[in-house]
Amino acid sequence: MRWFGFGFNAFGQIYGQDKLLEGECFENEQEVKVSSPTELTAQEDRSDCRLKTDCQIRASWSRRASLYLNGDSCVCLSGFISNESCGNPVKESRGCKDAIISESYLTLAFSDRLESWDLQKKETSPSWSMEIKTDPEISGTPLNLPLVPGGYIATKTPFYRSLSPHLRAKSLALSSEHAILLSASGTVYTWGLGSHGQLGHGVLTPEEEPRAVEALWGLPMSCVATGGWHSVCISDGGDLYVWGWNESGQLGLPSQGLRKATQQESSQQQEESPCRDASTSTAEEPQEGETHEEVFISIQAFPALLDITPLCEVSTVSCGCRHTAAVTTTGDLYTWGWGDYGQLGHQTLISSDEPQRVELFKEQQMRVVDVVCGAWNTFASVVKEEVAGP
């Protein structure tokens, strides 16, 4: 299994951190904005983690954590960290079962405890820790951060937040201002800030406690994810539902703000072109007697079904701050939304409100099996496509 990354790379989260002095960042646009999927080789080759192939990626805005689970498990960090830590196993992570990373903290889950380490300080002990006791009947169930027995771990203090056992939480996705939870029965719950429709209740008001998304009643879900102000989920049948803010096209629905920005950029390029034809228009004008009115969506307060591609189911999905990435059961990766840093992987810096396939993986006969979005970047796990013989 190999991991590729694309998008925001100012701190070397994708490649090139060895070129940076401590506290510095890239300034060259080609190094900051990685628009073509690039394999993650980074600095892990310097550590004994290199022998471990079972790797999972966690990402924040300025950092990437590589979680190795084979043998003596550990975490390696890339991005905005000290040079001495770059690519080397975080010694405090030895034996951990799971990890999550934010701009301020690295939280590690062990079989008997949780620890949160302040990434902005050099500490000899964790900023916060808690013993955990798992149910003997489900002791073999792996930890699934941010969920922990009895509650979940937040990205800021107080770290531990309790959850009602009646929710029977299976997975949980957190943004800075709202949360989306999937129960064991496939029911979706949301709570937190709702000003951009990200809770899916049809209103823009906040919710203090988890509330079931009624529009999805009777449709068991298998996966949930959240971006800055948008939310998504996948049904058991492989259908993708989206809701929340769509200013950058992150829902895959027509975005007026995005279309206007694209038209302005196109118009500016034409005005600057020395070969500009006076008859050239930035948009097609409707013919006489013909009306052309497209419905644009800025906020989608109820879940909407999004067809990515016909006759193909979605297997997993992840969200960045203002972009979304989904993997299909055929091993294709589709991305859409804000693309100014190349986080859509289409070898351009163009945003899109329509799901588009990342062609490089198909061209290289690679099958995408997982995707993880940072705030402004994307990481995809691939395997070599098995080609049938003659």
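V369 is partly exposed, because its relative accessible area is 37% and residues between the 20% limit for buried and the 50% limit for exposed fall in that class. The structure described here is a predicted model. V369 has its place in strand β25, which covers residues 366-373.

**Aromatic pairs**

A pair of aromatic rings is described by the distance of the centres and the angle of the planes. In this model the count comes to 15 aromatic pairs. Two of the pairs are set out below.

| Pair | Centre to centre | Angle between planes | Arrangement |
|---|---|---|---|
| F4 and F361 | 5.6 Å | 80° | edge-to-face |
| W338 and W376 | 5.4 Å | 80° | edge-to-face |

F4 belongs to strand β1 (residues 2-8) and F361 to helix α3 (residues 359-363), so their pairing ties together parts that are 357 residues apart in sequence. F4 and F361 are both buried.

The pair of W338 and W376 involves two loops. W338 lies in the loop between β23 (333-337) and β24 (352-357), while W376 lies in the loop between β25 and β26 (377-384); the pair therefore ties together parts that are 38 residues apart in sequence. W338 counts as buried because its relative accessibility is 9%, and the limit for that class is under 20%. W338 and W376 also belong to a cluster linked by ring pairs, whose other members are F8, F11, W61, F80 and Y341.

**Charges over rings**

Y341, one of the residues in that cluster, has K33 lying over its face, at 5.1 Å from the ring centre. Another charge over a ring is found at F110: the charged end of R113 sits over this ring, 3.9 Å from its centre.

**A buried arginine**

R63 is located in strand β4, which spans residues 63-68. With a relative accessible area of 2%, R63 is buried, since the class requires a value under 20%. The side chain of R63 reaches the backbone oxygen of E103, at a distance of 2.7 Å.

**Summary**

How values were computed
Residues are numbered from 1 along each chain as its sequence is written. This is a predicted model: local features need pLDDT of at least 70, side-chain atom pairs count only at pLDDT 80 or more; totals for chains, interfaces and linings use all residues. Side-chain values use heavy atoms; hydrogens and water are left out. Helices (H or I, at least four residues) and strands (E, at least two) are DSSP runs, numbered from the N terminus. Buried means under 20% relative accessible area, exposed over 50%, partly exposed in between (1.4 Å probe, protein chains only). Rings of Phe, Tyr and Trp (its six-membered ring) pair if their centres lie within 6.5 Å; planes under 30 degrees apart count as stacked, over 60 as edge-to-face and the rest as tilted. A charge sits over a ring if NZ of Lys or CZ of Arg is within 6 Å of the ring centre and within 35 degrees of the ring normal. A polar contact is a pair of N or O atoms within 3.5 Å; within protein, one must be able to donate a hydrogen and the other to accept it, and residues adjacent in sequence count only if both atoms are side-chain atoms.
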